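Visitor: I would like to learn how to read a model like this one. Can we take it feature by feature?

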Amino acid sequence: MHYWVKASPSDFSGTLPKPRSGHSAVNIGNSKVVVFGGLVDKKFLSDIAVYDIDNKLWFQPECTGNGSDNQVGPSPRAFHIAVAIDCHMFVFGGRSGSKRMGDFWVLDTDIWQWSELTSFGDLPSPRDFAAASSFGNRKIVMYGGWDGKKWLSDVYVLDTMSLEWTELSVAGSLPPPRCGHTATMLEKRLLVYGGRGGGGPILGDLWALKGLIEEENETPGWTQLKLPGQGPSPRCGHTITSGGHYLLLFGGHGTGGWLSRYDVYHNDSIVLDRVTAQWKRLPTGNEAPSARAYHSMTCVGSRYLLFGGFDGKSTFGDLWWLVTEEDPIVKRLFSTSLNDLPQNKDLTTLNEDSSSAQESEQDSQGRHNAVEELGKSLGITISFSNPGLPVVGEMEDKEFLNLAYSLSEVEPSITGRVTHTEAAQALRKHWSNSNPRLIPLKEFGPLLRDYQRLITHKYFTNDGPQSEFITTSLPGKDAYQFYHINSFRQLRMDDIPKLLAEYNQLLPD
């Protein structure tokens, strides 16, 4: 299970990068993340922002350099390519305004010096929205892009030692020309996914290019891959980041024009498992950041760092961590105040409905007396000092039922239709068999309410909304620690195993 955690001021020191989209962000070894360029409010950027991983410090280095026009570094741009090899970041192309760039730069991150490179060979045409990756510790492969007039499907290989470009002659079937795609080296193949195709359609195809490694003596050729599993929808402007045994795809946008408010933006996370060669949805336990495209996603140790992007209206400057459940920063999600978390619409509605159904004070007092007598017979103390959350019947708990019906474990009755009771039983069985550390955050609310509901059914004779809660006064008796909890947001992470253990005790055999 993974969790999205918004970066807090305690995670970093220094000056954070400005909001932007269409920028690049590359890892320099395991020590730095270098952010370059981008676009915000129609202004193209040329600044450098660096995250020092060891010191958890953001800073802006003072770069030196000398280009052909006596400038220190590349002119402002976005939608360029940037590839890291050792301590060097190579930058090619991009766009500034309506102009496509064809210049080629390298930044030495040891001394923060830019150099404009004069390359030779088969020089690629100026372009933006291309994609590139490094391989063999010294070479860069670039595919596709947009030159202002047409979509491209050419492949160029750059030797960073000799600075020679070579256009790769590829036999056989070719992918449709495209831009805004991703290109990622995986073992000995270049994987290209998605992008915008010639004429404007959004693509969702996956292609592999062989023949890049000279030692393999393979004839260059493309193969379209059709992998099993839950693959991503067609998109462009997404990211694919390599981590462990899988590639992580995040975000991007669907139909519409470039950076148009009519596009459909995504915030889903899909992984391509390198071992099983199939697509999988990444299980996440909480809500993802806002949908976006033209962002960056980099690896920082065992974490992923998301920065920036655009959603058709706004340019983002937020920073998010995507982490596993073992990461200590996950605890923030369970200590955040109620006001800082999004309210669940269904739960709010249910609470309002339950509040309107409260009994009169006279009826309530009569019921309290009956419950006190029950408590005496059970040897437990019934407290009315904190009324807690009214317990909602399972048939009125819309969020509970929606979750129950979404389970694949639900089996229909002989009529061929699933009843509310069957769905509820399937959900309870699902929770009973669940690892408490793997229960998604979105299920905590329905689980807590069902726990309170089961206590009500077990100890109280009437089925109406209850406001009492039970605590133990004698050792060895049943203790229900969470009956009085008003909202799952009051739970802490180490409460979940205890809650589930008590919940399992309440389930009928």
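Visitor: Start with strand pairing. Which residue in E23 is the bridge partner of Trp 207?

Guide: This is a predicted model, so keep that in mind throughout. The partner of Trp 207 is Gln 224, in E23.

Visitor: Is E22 mostly covered or mostly open?

Guide: Mostly covered. Of the 9 residues in E22, 7 are buried.

Visitor: How should I read a positive phi?

Guide: Most residues other than glycine have a negative phi. Asn 217 is not a glycine, yet its phi is positive, about 55°. Asn 217 sits in the loop between strand E22 (202-210) and strand E23 (221-225).

Visitor: Is Asn 217 buried or exposed?

Guide: Exposed. Its relative accessible area is 71%, and the cut-off for exposed is over 50%, so Asn 217 qualifies.

Visitor: What is the phi of Ala 277?

Guide: Near 55°, again positive in a residue other than glycine. Ala 277 is in the loop between E26 and strand E27 (278-281). With 37% relative accessible area, Ala 277 is partly exposed.

Visitor: Now the voids. How much space lies in the largest pocket?

Guide: About 1,400 Å³. The pocket is lined by 49 residues, and the closest to its centre are Ala 25, Val 26, Ala 82, Ala 132 and Ile 240. Strands E3 (24-28), E8 (81-85), E15 (131-135), E20 (182-186), E24 (239-243) and E28 (296-300) each give two or more residues to that lining.

Visitor: How many cavities of 30 Å³ or more does the structure hold?

Guide: It holds 5. The largest cavity has a volume of about 70 Å³. Its lining has 13 residues, and Tyr 193, Leu 206, Ile 240, Leu 247 and Leu 272 are nearest the centre. By class, that lining has 11 nonpolar residues, 2 polar and no charged. E20, strand E21 (189-197), strand E25 (246-250) and strand E26 (269-273) each supply at least two of the lining residues.

Visitor: Last, confidence. What is the average pLDDT of the protein?

Guide: The average is 83, and 81% of the residues score at least 70. Then look element by element.

Visitor: Where does pLDDT fall below 50?

Guide: One stretch is residues 374-389, with 38 contacts in the model beyond near neighbours in sequence. Residues 461-477 also stay under 50, and the model gives them 50 contacts beyond four places in sequence.

Key
Residues numbered from 1 in each chain as written. Predicted model: local features only at pLDDT ≥ 70, side-chain atom pairs only at ≥ 80, totals over all residues. Heavy atoms only, no water. 1 Å grid on protein atoms, 1.4 Å probe; cavity = no way out; pocket = protein on both sides within 12 Å on 5 of 7 lines; lining within 4 Å. Points joined across faces, edges and corners; volume = space filled by probe spheres on them. Helix = DSSP H or I, 4+ residues; strand = E, 2+ residues; numbered from the N terminus. pLDDT = per-residue confidence, 0-100. Contact = heavy atoms within 4.5 Å. Nonpolar A, V, L, I, M, F, W, Y, C, P; charged D, E, K, R; others polar. Buried < 20%, exposed > 50% of the residue type's maximum accessible area, 1.4 Å probe, protein only. Pairing = 2+ DSSP bridges.
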